[in-house]
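Work through the exercises below with the sequence and the model open beside you, and try each task before reading its solution.

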Number of protein chains: 2
Amino acid sequence: MRQSLTFIPTMREVPQTANTKSCQMLLRAGYIRQHANGTYTYLPLAKRVLHKIEQIVREELEERQAIELELPSIQSIDLWKQSGRLQFFNKEWIYLKDRNQHELVMGPSIELITSIVRDEIKTYKKLPLTLFQIQRRFCDEKEYRHDLFQAREFLMKDAYSFHENEESLNGSFEHMISAYERIFSRLGLNVHIVKADSGAFGDQSFEFVILNNNGQEMIAFSNQSHYVANAQIAEVAIEYEQPNEELKPIEKVATPNVQTIHELCDFLQVESTKCIKSLVLNVDGEIIVALVRGDHQLNMIKIMKLLNASNVQFASEEEIEKTLGCSTGSIGPIKLPLDIKVVADYGIKSIVNGVSGANENGYHYINVNPNRDFAINLYGDIRYIEEGDPSPDGKGIIRLEKGIGIGRVTKLNTLYAEKMKAYVTNQEGKKIPMHLASYELDLTRLFGILAEQYYDEKGFTWPKHLAPYDLHLMAVNVADEAQRNLADQLYNILTTYRYDVLYDDRDDRAGIKFADSDLIGLPIRVTIGNKAMEGIVEVKIRKTGETFECAKEELIDRLNEFYRTQ
Amino acid sequence: MRQSLTFIPTMREVPQTANTKSCQMLLRAGYIRQHANGTYTYLPLAKRVLHKIEQIVREELEERQAIELELPSIQSIDLWKQSGRLQFFNKEWIYLKDRNQHELVMGPSIELITSIVRDEIKTYKKLPLTLFQIQRRFCDEKEYRHDLFQAREFLMKDAYSFHENEESLNGSFEHMISAYERIFSRLGLNVHIVKADSGAFGDQSFEFVILNNNGQEMIAFSNQSHYVANAQIAEVAIEYEQPNEELKPIEKVATPNVQTIHELCDFLQVESTKCIKSLVLNVDGEIIVALVRGDHQLNMIKIMKLLNASNVQFASEEEIEKTLGCSTGSIGPIKLPLDIKVVADYGIKSIVNGVSGANENGYHYINVNPNRDFAINLYGDIRYIEEGDPSPDGKGIIRLEKGIGIGRVTKLNTLYAEKMKAYVTNQEGKKIPMHLASYELDLTRLFGILAEQYYDEKGFTWPKHLAPYDLHLMAVNVADEAQRNLADQLYNILTTYRYDVLYDDRDDRAGIKFADSDLIGLPIRVTIGNKAMEGIVEVKIRKTGETFECAKEELIDRLNEFYRTQ
């Protein structure tokens with residue numbers, strides 16, 4: 001491709017609109033542009049990289065008998081009523097009404113694909129079956145993050161497998177995880193497979209996470225074993241013991257202007273481990289109080305699982321005022337209305353003579369003792385794991401790191417099939433619900449992660465199998481006939497040898513052309529300069545910066561050698 | 001691909017939900033499924049055909065220096081305010097609000113691409129530039145037609161070219177038309193290039209139309225020249241003459257229960273050519289009356305162009321009652337309120353002693369004479385061309401045929417660039433607006449049209465370059481070891497020779513397998529049956545039905561020969 005004919009709008013300045021270094025570089029090097037509504041255009045260079053990523057994903061899936069199809073993006077909401085997932089409707093999915101006021105949704109496709117397979121497959125003989133698509137997905141985030149890790153439109157590979165029993169499902173599940181591993185290895189990525197929340201309908205879920213400070217996921221690792229899980233679900237495995245301390249009489253104290261645990265500890269000169277943090281929650285419409293220790297964080301996903309709830313939110317100021325008669329800063333478990341259930345984290349068991357809110361603005365209790373001073377309806381593991389906690393597998397202690405989730409595989413078992421009546425007859429002629437699993441991979445985040453991995457201060461350093469072109473051919477001065485002729489000649493030869501060449505034939509200053517070439521970041525630059533008359537060109541390896549001169553007759557051999565070892 | 005592993009749900013019955021024969025066949029042969037909300041799933045076979053169509057389109061565009069990129073589907077409505085196209089907002093485009101109440105639209109991309117090029121290209125030296133994408137588009141039709149010719153989600157190729165002047169634009173425009181011609185010829189389609197309405201912002205527009213009774217377009221052809229145009233815009237080139245007839249005095253007559261022109265002609269025993277049809281329109285908010293002869297049909301697009309209006313609709317019953325004091329059946333041009341403009345088709349000039357409504361329910365006037373009995377503010381060509389009209393180029397007469405529009409190219413000239421401030425400096429250093437053209441091609445309709453073209457009563461008859469696989473290999477009875485072994489062996493050999501093989505390895509009745517094979521419709525079927533032990537297979541050419549036996553050793557040669565001549 002002649003560079004004069006394509007569209008690679010590089011920038012000299014560092015753009016301020018991007019959140020991550022890689023996103024800045026993608027803007028500078030003319031790969032992407034961002035729009036006011038938080039969406040991105042993938043310019044010609046990015047489109048070529050995306051295409052290569054897509055091909056690698058497709059190859060590995062097809063290698064494992066997954067079959068490609070294409071589902072509509074817009075679904076009737078009726079399907080979601082069948083599955084019962086409507087009650088978990090996520091505001092991040094796009095909901096719309098058509099002009100005839102039919103309700104539509106642009107969201108995950110499990111219902112849709114299940115309905116198709118249900119209508120067509122009636123016997124176990126046609127199973128297992130794995131179907132996938134690579135398609136644009138839409139979401140409606142609360143805020144734009146100005147990077148590719150949370151794009152409003154993104155390219156998603158989603159696959160679904162259908163089985164007659166758990167054994168078959170487990171086989172495909174392992175098979176698909178191996179496809180993911182192979183994809184990541186071909187892309188040169190170091191990816192962690194992490195136990196994750198399986199959602200309302202899932203049975204077991206793994207997330208593929210790349211450690212990165214721009215990530216929104218918090219991942220818990222053991223320092224002595226292979227244990228790794230999303231901090232959202234990592235169990236806290238501690239047997240709390242009560243300190244051997246004499247129980248003192250409870251006492252109400254004034255705590256004017258104290259709002260946070262931090263202020264409370266300062267004011268009363270106590271450790272946060274002595275404080276009882278009380279949080280009022282709306283759990284499927286019922287108001288409850290959850291207690292965690294002052295140094296711990298409540299985990300809503302754990303609450304949801306513990307109480308088998310579909311929807312857990314913090315209660316609103318109004319709900320709190322109405323049920324407890326005080327504001328958030330002063331809540332406590334003592335003398336609550338009798339119908340309000342109290343759920344406590346196991347950590348509360350370690351508290352003797354603690355501190356809690358008094359359900360009265362400006363007051364707290366000291367020397368509070370659980371069970372003596374208030375009742376607890378249920379104990380459970382409802383807090384986030386923290387650095388220094390023991391690893392749930394009993395080996396070592398936990399450290400936390402930020403990561404970006406790029407995919408997820410989930411065993412859905414028979415829940416969807418039961419709700420959507422997706423039955424097949426088994427070998428004994430009996431009707432049984434199909435077993436399902438789903439497999440997602442976010443190709444836009446993958447692209448963002450790869451951009452993060454392959455750049456230096458001058459621009460990108462793509463490996464050959466991801467670079468938008470194989471090499472950059474450049475005539476330093478196209479006004480020089482010898483240079484132009486040699487460049488034209490080499491462009492033809494290289495193209496004949498099936499090299500995918502970006503040929504900088506632009507009539508521009510050498511400095512601009514070199515800087516652009518570094519930004520674009522193809523693995524090799526072949527420069528035709530002053531020695532064109534002698535038939536000598538310069539070859540530069542982008543990643544190492546290594547350069548050497550080379551006679552034009554030797555060029556193909558040298559390039560073949562370089563790419564063979566890539 | 002082993003057929004037991006893929007997903008080709010054929011149907012024995014003819015489905016009643018499809019509108020067209022081709023769509024029925026696509027359902028029966030397991031290519032597509034339709035959903036309740038009027039969208040389609042492209043099952044694995046259709047996905048493969050679509051992919052081949054996409055590749056042909058991509059190759060021909062890239063051959064002509066068009067560069068691929070990927071724009072977001074969801075746009076901020078602000079861009080549409082810049083271009084001024086918001087006032088022409090079409091209900092067929094999808095409008096939505098995000099959770100922060102920002103207005104978004106999923107529609108054509110001219111504004112978006114113009115904004116990108118505007119922000120990056122400042123000099124004529126970087127022009128011309130042609131950019132394209134192949135992307136899913138969404139629309140919100142009033143009704144679903146239950147076929148692929150009006151799908152709610154469809155695959156669109158849209159391209160845009162940017163130029164410093166008209167000459168450059170004209171060059172690219174011709175170039176792109178030649179790309180379309182080449183695409184259609186490769187697909188084996190007979191496509192008409194038809195003059196079409198260029199919309200509010202276009203200057204000159206051509207539509208690519210395939211004649212087909214399922215079409216919604218009406219195309220006007222001359223029987224003696226190459227003249228062809230969409231009936232929406234084909235000029236009526238008739239010099240009407242007034243018959244030499246004595247003017248009679250106007251007279252009001254009772255016409256009880258007469259509502260339509262047809263009823264009026266019956267009741268008064270007059271020709272429809274004598275009747276004045278009066279239609280009340282709302283033109284950009286102003287009420288006007290348009291007159292056409294009783295045998296003619298009013299053309300809203302012509303009205304829009306004639307009056308240079310952005311929005312023309314029939315006036316509502318309420319508007320008619322309010323301004324004229326009568327209902328639609330009785331409207332006439334006589335004694336209208338003075339501020340109501342009257343626009344007449346040239347055909348009205350031919351009327352002497354005609355008939356019109358009396359603006360009074362149940363009454364008409366007879367012996368009405370234009371100019372004597374009422375004033376006409378403006379004459380124009382505001383009716384549809386009809387069969388038998390003279391061809392606008394003066395050669396022959398017009399015949400009409402139905403067609404399906406599959407693409408459109410439009411010269412937009414500088415209008416968008418001016419509104420959106422997309423300027424470049426020209427050779428003299430002067431700032432000038434860029435010239436634009438747009439080029440659309442609907443790949444979903446193309447797929448529908450191709451399905452329409454390549455089927456017979458048993459199923460599809462795909463040519464090799466469109467077929468989902470090159471050939472169908474079938475073991476009639478997989479329980480027979482000789483058959484299964486030979487089929488497995490040939491599957492390996494054919495795959496090694498790079499044939500894309502669908503291998504029917506299913507343990508099913510022979511009748512089902514043969515019927516499925518005809519439905520799927522690959523160019524060749526290789527059947528392994530009773531003569532497997534002797535190493536003899538049967539080859540069937542799907543399209544002609546011709547069959548011959550062939551020793552397994554000769555198979556590759558025979559196939560190579562067949563495909564070479566395809």
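**Exercise 1. State into which domains chain A is divided, and how far apart the centres of domains 2 and 3 lie.**

Solution. By an automatic or database domain assignment, chain A is divided into domain 1 (48–70 + 109–234 + 400–451), domain 2 (251–380) and domain 3 (460–564). The C-alpha centres of domain 2 and domain 3 of chain A lie 67 Å apart. This is a predicted model, in which local features need pLDDT of at least 70, side-chain atom pairs count only at pLDDT 80 or more, and totals for chains, interfaces and linings use all residues. Residues are numbered from 1 along each chain as its sequence is written, chains are lettered from A and ligands numbered from 1 in the order in which they are written, and side-chain values use heavy atoms, with hydrogens and water left out.

**Exercise 2. Work out which residues of helix α11 of chain B are buried, and which are exposed on the other side.**

Solution. Take buried as under 20% relative accessible area and exposed as over 50%, with partly exposed in between (1.4 Å probe, protein chains only). Helices are DSSP runs of H or I with at least four residues, numbered from the N terminus. In α11(B), the buried residues are Q483(B), L486(B), A487(B), L490(B), Y491(B) and L494(B). Seen down the axis of α11(B), these buried residues fall within an arc of 140° (taken from the directions from the helix axis to the C-beta atoms), so they line one face of the helix. On the other side of α11(B), E481(B), N492(B) and T496(B) are exposed.

**Exercise 3. Describe what follows α11(B).**

Solution. Just after α11(B), R498(B) takes a positive phi of about 65°.

Note on methods
Helices (H or I, at least four residues) and strands (E, at least two) are DSSP runs, numbered from the N terminus.
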